[in-house]
Each structure stands twice: as C-alpha cells, then as structure tokens.
Amino acid sequence: MQDQDLQLCSIVSGTAPLPAQRWHRHSLVAEIWWLSAGALEVEAEAQRFTLVPHELLVLPTGTWHRLGMGSPCHWQAATVKLPLGRCRQLHRIKPQNPGYISALFGELERLHPEHAEKSAQIVSLVLQEIESAHPTQDPEAALMAQLQHGLEESCHLPFSLEAAAQNAGMSKYHFSRKFKQACGQSPLQFVISCRMERAKKLLEETALPLASIAAACGYHSPTQFHALFTRAAGETPMRYRKAYSWQRETEGPALD
C-alpha cells in the first residue's frame with residue numbers, strides 16, 4: 001500500500017569518510033540511511049550507537065541527531081516526506097534480505113527525480129520492510145511524538161498549556177505528566193528549548209538582525225531574547241554567532 005502523501009525529496013550516496021555533524025533536525029522530512037560497508041556513528045534521541053553494514057536506520061521527522069564516519073564506507077541516504085503516523089519512532093533494523101534493500105536504493109538513485117511516482121512506490125517498499133520488523137507501535141507514544149513535533153513547529157507562537165492539552169484530548173495535569181514522561185521536560189520547558197534551538201540555527205545560518213531572530217522565535221523584544229538566550233547558552237547571541245562562524249571556517253561546513 002502506498003500513501004498518497006509519501007514523497008522522496010532526495011537520495012544521495014557516498015564512500016568517503018564524513019566529518020561529524022553538528023546537532024540538527026529536519027522539520028519536514030525523515031531520513032532513511034542504508035549502510036553497505038564501513039560504520040556510521042549515530043547520536044539521536046538520547047541514544048548512541050554504531051550502524052554496521054546491511055543495517056537500515058530511520059530518523060523520524062523532527063529528530064535531533066548527528067552522524068559521523070571516521071573511515072571510508074559506502075552509504076546511501078534518502079530524505080522523505082511521510083504521512084502522519086508513519087515511522088514516528090527511531091528504527092534500526094537488519095533486513096533478512098540485504099540484497100533486496102540495496103536494489104531498492106539503487107532504483108531510487110536511478111529514478112529520482114525524473115520519476116517521482118515510481119520513486120514514492122519504492123520508498124513505500126522500504127518502509128514496509130521497516131514496519132514489518134516493528135509491526136506494533138504504542139499508540140500513546142505515537143501521539144506524544146506527534147504532539148512534540150507540533151509544539152516544535154509552532155514554538156514561535158504564544159504557548160498555552162490549556163490549548164495544548166485540549167489538542168491532545170487530555171486534562172492539563174494528565175497532559176503535562178504524560179508529556180514529561182515522554183520527553184523529560186515539561187511542555188513549557190520543551191517549547192523554550194525549541195525556541196533556543198531555532199535561534200541557534202538562525203544565528204548559524206543567516207545574517208538576520210537580532211530583532212528579526214527574536215520575532216521568529218516568539219519573543220516580543222530583542223532585549224528579552226538577548227537575556228533568555230544568554231541564560232540558556234551561556235553566551236550572548238552575537239558571541240555565539242561569531243564563535244560558530246570561526247568554528248565553521250576552521251573545520252569546514254557540516255554535513256546536512
């Protein structure tokens with residue numbers, strides 16, 4: 001079965017060693033990695049492990065992660081827009097038929113981007129292999145993952161615990177307790193951390209003035225943003241931007 005909302009956005013491959021990435025996330029797409037040779041170091045969702053040859057890795061939409069390879073290896077990676085509810089958790093599997101998976105990724109590289117519909121059908125086959133290895137998913141965990149993603153995407157908007165709980169179909173107390181169990185932070189703490197991560201990304205990747213960044217992250221004034229960012233990051237926004245620029249010039253660009 002193929003979801004109409006399923007879309008392959010990119011497919012890339014390589015063999016050279018890759019420098020360790022900075023922590024990052026993709027707000028609209030999931031990543032699917034297939035390793036044919038070598039080793040891939042992965043940090044994601046408070047987990048740290050090494051992906052080995054003939055393993056599939058799915059990093060769901062919105063997952064903070066960083067990857068790196070210290071030696072040559074052969075890898076293929078796809079970014080995919082997924083329908084809500086599909087692959088909402090990190091999955092790492094070793095398929096019973098690695099040749100089949102390699103063939104699917106080979107077809108993706110051959111067909112994309114000229115044949116979007118066929119590419120989506122092949123991605124669907126890959127997802128079926130992943131979901132057959134993880135046939136059940138805790139409905140509550142899936143709901144909380146979806147709610148976390150929603151709060152992350154709307155973190156620049158005024159936060160209301162009552163509205164968030166109503167969206168989840170829970171009382172404020174029940175929602176707060178379940179949310180903290182799922183991600184280790186209260187809903188408000190989570191929104192604040194999302195705002196800070198968004199601010200860091202804008203400081204790193206744009207030349208926007210602080211007033212624009214403050215507004216994009218949900219703060220009413222540059223002064224308020226400056227104080228809260230300094231408290232959270234341990235340095236002022238401008239010092240953070242300068243330090244990142246210096247590191248990037250020294251180490252080279254990070255892999256995204």
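This is a predicted model: local features need pLDDT of at least 70, side-chain atom pairs count only at pLDDT 80 or more; totals for chains, interfaces and linings use all residues.

Biologist: Which strands form the open sheet of three strands, and in what order?

Modeller: The order is E4-E3-E6, and the pairing is antiparallel. From one strand to the next, the twist averages 15°.

Biologist: What makes strand E4 and strand E6 the edge strands?

Modeller: Strand E4 (47-51) and strand E6 (65-68) each pair on one side only.

Biologist: How do you know that E3 pairs with E6?

Modeller: Pairing requires at least two bridges between two strands. Strand E3 (residues 40-44) and E6 have four bridges in the antiparallel sense, and therefore they count as paired. Within this pairing, Val-42 is opposite Leu-67 in E6.

Biologist: What makes E3 and E4 a pair?

Modeller: The cut-off is again at least two bridges. E3 and E4 have five, in the antiparallel sense, so the term applies. Glu-43 faces Arg-48 of E4 across this pairing. The hairpin of E3 and E4 has two residues between the strands, and Glu-45 takes a positive phi near 50° there.

Biologist: Where is Ala-39 placed, and why is Ala-39 called partly exposed?

Modeller: Ala-39 is in the loop between strand E2 (30-37) and E3. Buried means under 20% relative accessible area and exposed means over 50%. Ala-39 has 25% relative accessibility, a value between these limits, and therefore counts as partly exposed.

Biologist: Which residues is Ala-39 in contact with, leaving aside its neighbours within four places in sequence?

Modeller: Ala-39 is in contact with Thr-50, Leu-51, Gly-68, Met-69 and Cys-73. Ala-39 and Met-69 are 30 residues apart in sequence, yet 6.4 Å apart in space, C-alpha to C-alpha.

Biologist: Which strands form the open sheet of five strands, and why do E1 and E8 stand at its edges?

Modeller: That antiparallel sheet has the order E1-E7-E2-E5-E8. Strand E1 (7-14) and strand E8 (91-93) each have a single partner strand, so one side of each is left without a neighbour in the sheet. The twist in this sheet averages 15° from one strand to the next.

Biologist: How many bridges does E2 have with E7, and how many with E5?

Modeller: E2 and strand E7 (residues 74-81) pair over seven bridges in the antiparallel sense, while five bridges join E2 to E5, also antiparallel. Trp-33 stands opposite Ala-77 in E7 and opposite Leu-57 in E5. Ile-32 is opposite Ala-78 in E7.

Biologist: Why is E2 called mostly covered?

Modeller: Six of the eight residues of E2 are buried; the term buried means under 20% relative accessible area.

Biologist: What packs on the five-stranded sheet?

Modeller: Helix H2 (residues 116-133) does, touching E1, E2, strand E5 (55-59), E7 and E8. The direction of H2 makes about 80° with that of E8.

Biologist: How does the reach of H2 compare with the expected value?

Modeller: H2 has 18 residues and reaches 26 Å from its first C-alpha to its last, close to the 26 Å expected at 1.5 Å a residue.

Biologist: Which residues of H2 are buried, and what do they pack against?

Modeller: Ser-119, Ala-120, Ile-122, Val-123, Ser-124, Val-126, Leu-127 and Ile-130 are buried in H2. The buried residues of H2 pack against E1, E2, E5, E7, E8 and helix H1 (98-111).

Conventions
Residues are numbered from 1 along each chain as its sequence is written. Side-chain values use heavy atoms; hydrogens and water are left out. Axes are lines fitted to C-alpha atoms, for helices over the stretch in contact, and angles run from 0 to 180 degrees between N-to-C directions. Buried means under 20% relative accessible area, exposed over 50%, partly exposed in between (1.4 Å probe, protein chains only). Contact means heavy atoms within 4.5 Å. The expected span of a helix is 1.5 Å times one less than its number of residues.
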